[in-house]
Amino acid sequence: MVGASKTETASGPIRYGMVGGGQGAFIGAVHRIAARMDGEFQLVAGALSSDPERARASGAEIGLDPARNYASFQEMAKAEAKRPDGIEAVAIVTPNHVHYPAAKAFLEAGIHVICDKPLTSTLADAKKLAALVEKTGKVFVLTHNYTAYPMVRQAREMVQKGLLGDIRVVQAEYPQDWLTEDLAATGQKQAAWRSDPKQSGAGGATGDIGTHAYNLARFVTGLELDSLSADLDAFVPGRKLDDNAHVMLRFASGAKGMIWASQVAPGHENGLKLRVYGTKGGIEWVQADPNYLWYTPFGQPKQLITRAGAGASPAAARVSRIPSGHPEGYLEGFANIYAEAARAIRAARKKNGKPPRDVIFPTVQDGVEGVAFVEACVRSSKKNAAWTKL
């Protein structure tokens, strides 16, 4: 385990390492940009690929010290835990099946974890990881980055304040078109692992983007899901995982919801949308135009609330970086997650330290719920869309 002297006396940027995110990867570069944006983190170590040669080449490309450019995450966890200047946190940006063993290794080494979603490839692993987080007391951040967009925080605060009244209907969708053809057959890396049950887990589109839509709906509304009915399809011949999902939701409060997640919808790129309707009004947010939130009080004209503009809430202002009229979006959302993680990690340096109450980030428990959502969708669809409890 990491000694107290290392974490309690550390100053300056938080030293972190990365697992995955090497040559040919997409999300690793996004994490590195986000971690740098506020100067809160410094990348000092990495195990950037499961292939040792690619790991070394990838680390050299981004300027890692050769002595801290590791061939495996197991080696990295052990070595960094022993160093007086070892990493305090690790970012895990691998295919889903590596999330659990990598996170386990670093938690057991006394290192905080920032992990890409979904949490794990199986619910059993997700639950074991949650128990380990509880046991170690380490900070665990799941990078559902859309929860950190200013106007999503705005929407959440409006729901909490009761401006929409009692929530009746929640609709979320996330359509894409990039897997309309069998892209995995061409050897495209991102398509290949996302279409492989051994690497992705039980869900295809449900795990990759459906979890984002579900998490966003839960984050904004605070509603607890009771049961769901899912109709999943793999429209591309030979594809082993779903590429389109229609999911109906029943919340414990009595509210109803729907989620559409598709990767075979030509004309859509990253079309994440959320609509929430209550007894007093409704809201609509579109990820492609993320600096705007439409709000309609029942019986009144539609209102446009802009990021950092008139009517924006303190919760939205807290994660806004620049004046209104300048676009903020995907990278800034990720950076906000890292900024929240930094506040939590700095607080954890103190005995029994907890971050301020306004620090918000998706936790390991959110991750467990996301994997439970995926597996419930798969079970439901196999039973002809039967209503299924989480």
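**Helix packing and a few local details**

Mentor: Helix α2 (residues 27-36) packs on helix α12 (residues 330-348) at an angle of about 65°, with the axes 8 Å apart. Axes here are lines fitted to C-alpha atoms, for helices over the stretch in contact, and angles run from 0 to 180 degrees between N-to-C directions. Helices (H or I, at least four residues) and strands (E, at least two) are DSSP runs, numbered from the N terminus.

Trainee: What kind of model is it, and how are residues numbered?

Mentor: It's a predicted model, where local features need pLDDT of at least 70, side-chain atom pairs count only at pLDDT 80 or more, and totals for chains, interfaces and linings use all residues. Residues are numbered from 1 along each chain as its sequence is written, and side-chain values use heavy atoms, with hydrogens and water left out.

Trainee: Back to α2 and α12, is the crossing left-handed or right-handed?

Mentor: α2 passes α12 in a right-handed crossing. A crossing is left-handed if the near helix is turned anticlockwise from the far one by less than a right angle, and right-handed if clockwise. The contact (heavy atoms within 4.5 Å) is made by Ile27, Val30, His31, Ile33, Ala34 and Ala35 of α2, and by Tyr330, Leu331, Phe334, Ala335 and Tyr338 of α12.

Trainee: And how do α4 and α5 sit against each other?

Mentor: The axes of helix α4 (residues 73-82) and α5 cross at roughly 15° and come within 9 Å. The two are therefore roughly parallel to each other. For the cut-offs, angles under 35 degrees count as roughly parallel, over 145 as roughly antiparallel, 65 to 115 as roughly perpendicular and the rest as oblique. Phe73, Met76 and Ala77 of α4 meet Val98, Pro101, Ala102, Ala105 and Phe106 of α5.

Trainee: Which residues of α5 are buried?

Mentor: Asn96, Val98, His99, Tyr100, Ala102, Ala103, Ala105, Phe106 and Leu107 are. Buried means under 20% relative accessible area, exposed over 50%, and partly exposed in between (1.4 Å probe, protein chains only).

Trainee: What span should α5 have, and how far apart are its ends?

Mentor: Helix α5 (residues 96-108) has 13 residues, so at 1.5 Å a residue it should span 18 Å, and its end C-alpha atoms are 19 Å apart, which agrees. The expected span is 1.5 Å times one less than the number of residues. After α5 comes Gly110, with a positive phi near 80°.

Trainee: Switching to α10, what's its angle to α13?

Mentor: About 120°, with the axes of α10 and helix α13 (residues 364-382) 10 Å apart. That makes α10 and α13 oblique to each other. From α10 the contact uses Thr206, Gly207, Gly210, Thr211, Tyr214, Asn215 and Arg218, and from α13 it uses Asp366, Glu369, Gly370, Phe373, Val374 and Cys377.

Trainee: What about Val152, what does it touch?

Mentor: Not counting residues up to four places away in sequence, Val152 touches Tyr146, Thr147, Leu216, Phe219, Val220 and Trp285. Val152 lies in helix α7 (residues 150-160) and is buried, at 2% relative accessible area.

Trainee: Last topic, the backbone. Where is the cis peptide bond?

Mentor: It joins Lys117 and Pro118, with omega about -10°. Pro118 is in the loop between β4 (112-115) and α6 (123-136).

Trainee: And what is phi at Asn384?

Mentor: Near 60°, a positive value in a residue other than glycine. Asn384 is in the loop between α13 and β14 (388-389) and counts as exposed, at 73% relative accessibility. Ala385 is in the loop between α13 and β14 as well, with a positive phi of about 65° although it is not a glycine. At 23% relative accessibility, Ala385 counts as partly exposed.
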